Amino acid sequence: MWLWVAVSITGMMYLRWKKPELKRPFKLPLVVPVIFTLCCIFIVVLSFVEAPEHSGYGLLINALGIPVYLLFIYRKNRPKTYIDFMEKATISLQKLMFVVAQETLVGEEETRKQLMSDDRQNQVLESEIENT
């Protein structure tokens with residue numbers, strides 16, 4: 001668990017550096033997330049030192065998610081039947097669990113549109129790199 005907490009905090013620091021214009025609910029001095037990330041890494045390293053076998057099992061279970069991600073999420077040319085099935089499954093699960101769309105705050109929609117346009121630009125750049 002602490003490994004993924006450290007990864008997510010590192011990701012937030014990366015976004016703070018790469019996209020400083022994004023709106024954030026609150027901002028901390030940079031030293032706070034850095035110290036927290038170092039503490040998380042210390043906990044992970046200490047668990048590997050104290051119980052390497054159990055920690056290795058946990059790491060293996062986490063690593064098993066990599067092929068699942070590569071097959072079902074990362075892959076760009078998914079079959080249409082798979083896409084249709086996933087859309088139907090998503091809608092069914094949303095109805096079953098009474099999930100509703102999140103309300104957006106003022107200004108949040110513009111941020112979402114900006115992020116989506118940045119993602120599209122990244123996809124175009126990736127496809128250009130693959131074609132060369």
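**Reading the helices, one cut-off at a time**

Me: What makes F98 exposed?
Reply: F98 has a relative accessible area of 74%. The cut-off for exposed is over 50%, so F98 is called exposed. Keep in mind that this is a predicted model.

Me: Where is F98, and what is its phi?
Reply: F98 is in the loop between α5 (80–96) and α6. Its phi is positive, about 55 degrees, although F98 is not a glycine. Most residues other than glycine have a negative phi.

Me: How far does the predictor trust the chain, and where is its confidence lowest?
Reply: The mean pLDDT of the chain is 82, with 77% of the residues at 70 or more.

Me: What makes you write the chain as α-α-α-α-α-α?
Reply: That is the order you get reading along the sequence. There are six helices in the chain and zero strands.

Me: How do you know what span to expect for α1 (residues 2–18)?
Reply: You take 1.5 Å times one less than the number of residues. With 17 residues in α1, the expected span is 24 Å, and the helix reaches 24 Å from its first C-alpha to its last.

Me: Which residues of α1 are buried, and why do you put them on the same side?
Reply: A6, I9 and M13 are the buried ones in α1. They cover an arc of only 70 degrees around the axis, so they end up on the same side of the helix. The buried residues of α1 pack against α2 (31–50).

Me: And α2: how many residues does it have, and how does its reach compare with the expected value?
Reply: α2 has 20 residues, and its C-alpha span from first to last is 28 Å, close to the 28 Å expected at 1.5 Å a residue.

Me: Which residues of α2 are buried, and what makes them a face?
Reply: P33, T37, C40 and V44 are buried in α2. Looking down the axis, you find these buried residues within an arc of 60 degrees, so they line one face. They pack against α1. Turned away from that buried side are the exposed residues L38, F42, V49 and E50.

Me: Why isn't I43 called buried?
Reply: Its relative accessibility is 36%. Buried needs a value under 20%, and exposed one over 50%, so I43 counts as partly exposed. I43 lies in helix α2. In sequence, I43 and L3 are 40 residues apart, but their C-alphas are 8.5 Å apart in space.

Me: What makes S55 buried?
Reply: Its relative accessibility is 14%, and the cut-off is under 20%, so S55 counts as buried. S55 is found in helix α3 (residues 52–63). Leaving out residues up to four places away in sequence, S55 touches S47 and F48.

Me: How much of the whole chain counts as buried, and what is its accessible surface like?
Reply: Of the 132 residues, 9% count as buried. The accessible surface comes to about 11,600 Å², and carbon and sulfur atoms hold 70% of it.

Me: What share of the contacts joins residues 24 or more positions apart?
Reply: Among the contacts with a separation of 6 or more, 57% come from residues 24 or more positions apart.

Methods
Residues are numbered from 1 along each chain as its sequence is written. This is a predicted model: local features need pLDDT of at least 70, side-chain atom pairs count only at pLDDT 80 or more; totals for chains, interfaces and linings use all residues. Side-chain values use heavy atoms; hydrogens and water are left out. Helices (H or I, at least four residues) and strands (E, at least two) are DSSP runs, numbered from the N terminus. Buried means under 20% relative accessible area, exposed over 50%, partly exposed in between (1.4 Å probe, protein chains only). The arc is that of the directions from the helix axis to the C-beta atoms. Contact means heavy atoms within 4.5 Å. pLDDT is the predictor's confidence in each residue, from 0 to 100. Accessible areas come from the Shrake-Rupley method with a 1.4 Å probe; for residues, only the protein chains shown count as cover.
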